[in-house]
Amino acid sequence: MERLRKKWPWLVLPVAAALVSLFVLSGFASSPETHRETLAALEEKQTTVLELSAASAAASAAVTLIPGDVATPIAEKLADLSACFLLALCAVFLEKYLLTLTGAVTFSVLIPLSCLFLLLYGLFERKSLRALATRLAAFGLMIVLVIPASVYVSDLIEATYQTSIEATIETAKETAGEIEAQAETAEKEDKGFWSGLVTSVTDGVSGLAEKAGRMVNRFMEALAVMLVTCCVIPVLVLLSFVWLAKTLLAVELPAGRDSKKALGDRQEEPV
C-alpha cells in the first residue's frame, strides 16, 4: 500500500487521460466541423482537379477535329493527361477521408492504449512499457497532424501557380471553342465534313496545332503541380514527422553515454 501511495500519479493520471481521450477528444477530432478549413481547402483542390480533367478531355475531343494527322498525337496526349488527373483526384479523396478517420483512431485507440501502458509502467516499473506508451502517443499525434500540415504546405505552393492553372483552363476552353466553331461553320456551308473543314481552316491549321501544343505543355505543368501538392507533399510531411519523432524519442543514446561514462569511472577507480 505504501508503494501504491507513492505511485498514485502513474495510476490515476493515465486513467483520467484515457477517459478524456475516449469521451471528449475523440468526438472533437473526428468531427468535420473541427476540420472545416482544411476540408474547404481540399474541396477547392478537388474542384480544380475536376476542371482540369474536364478541360483536358474536351480539348482532346476538339483537337481531333483539326484536319490531317498532325494533331492526332496531341489529342492522344491530352486524353492521357485527363486520365492522369484521376490519380490526383483519388489522393484528394483519400486525404478527405483520412482527415477525420485519423483523429478517431488516435483518440479512441492509440492514446487510451498508450495510457494503459503508462499504467502498467507505474505498477511494474519497466522502461520498455514507458517507451512503448510514448511511441504510441507520438505516432497518434503525428498521423493527426500530417494531413493539416500537408494541406497548409500545398496551399502555399498552389497559391503561386493558381493563376497559371486558371489560365490553362481558360486557354483550353478557348482553343476547343475555336476549333469547334470552325467545324460547325464548315458543316453549315453544305460541304463535305473534311473538305469544308479543310477549306475553312487551311490558313489556320498550323496555328491551331501550335496552340494545341502549347496547351499540352500547360496541362503537363498543371498536372505536375497537382501531383506534387496532392501526392508528394503529404508523403514528405509524413517522412519529416517520422524523422522528428525518432529524433525526439531517441532516449537510448543519452542513457548509453551515461552508462559508458559510469563504466569508465569504475575502471579508473583504484582496486
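Predicted model: local features only at pLDDT ≥ 70, side-chain atom pairs only at ≥ 80, totals over all residues.
Starting with the big picture, the protein chain is built from 8 helices and has 0 strands. Read from the N terminus, the order of elements is simply α-α-α-α-α-α-α-α. The chain counts 271 residues, and 35% of them are classed as buried. Its exposed surface comes to about 16000 Å², with 66% of that supplied by carbon and sulfur atoms. As for how the chain meets itself, take the contacts with a separation of 6 or more: 84% of these involve residues 24 or more positions apart.

Next comes the largest pocket, whose volume is about 280 Å³. It is lined by 14 residues, and those closest to its centre are Leu 94, Glu 95, Leu 98, Ile 147 and Pro 234. Sorted by class, the lining has 11 nonpolar residues, along with 2 polar and 1 charged.

Helix α5 turns up again with Ala 131, which has its place in that helix. Ala 131 has a relative accessibility of 23%, so it counts as partly exposed; the cut-off for buried is under 20%, and exposed would take over 50%.

Definitions and conventions
Residues numbered from 1 in each chain as written. Heavy atoms only, no water. 1 Å grid on protein atoms, 1.4 Å probe; cavity = no way out; pocket = protein on both sides within 12 Å on 5 of 7 lines; lining within 4 Å. Points joined across faces, edges and corners; volume = space filled by probe spheres on them. Nonpolar A, V, L, I, M, F, W, Y, C, P; charged D, E, K, R; others polar. Helix = DSSP H or I, 4+ residues; strand = E, 2+ residues; numbered from the N terminus. Buried < 20%, exposed > 50% of the residue type's maximum accessible area, 1.4 Å probe, protein only. Contact = heavy atoms within 4.5 Å. Areas by Shrake-Rupley, 256 points an atom, 1.4 Å probe, with all protein chains shown as cover.
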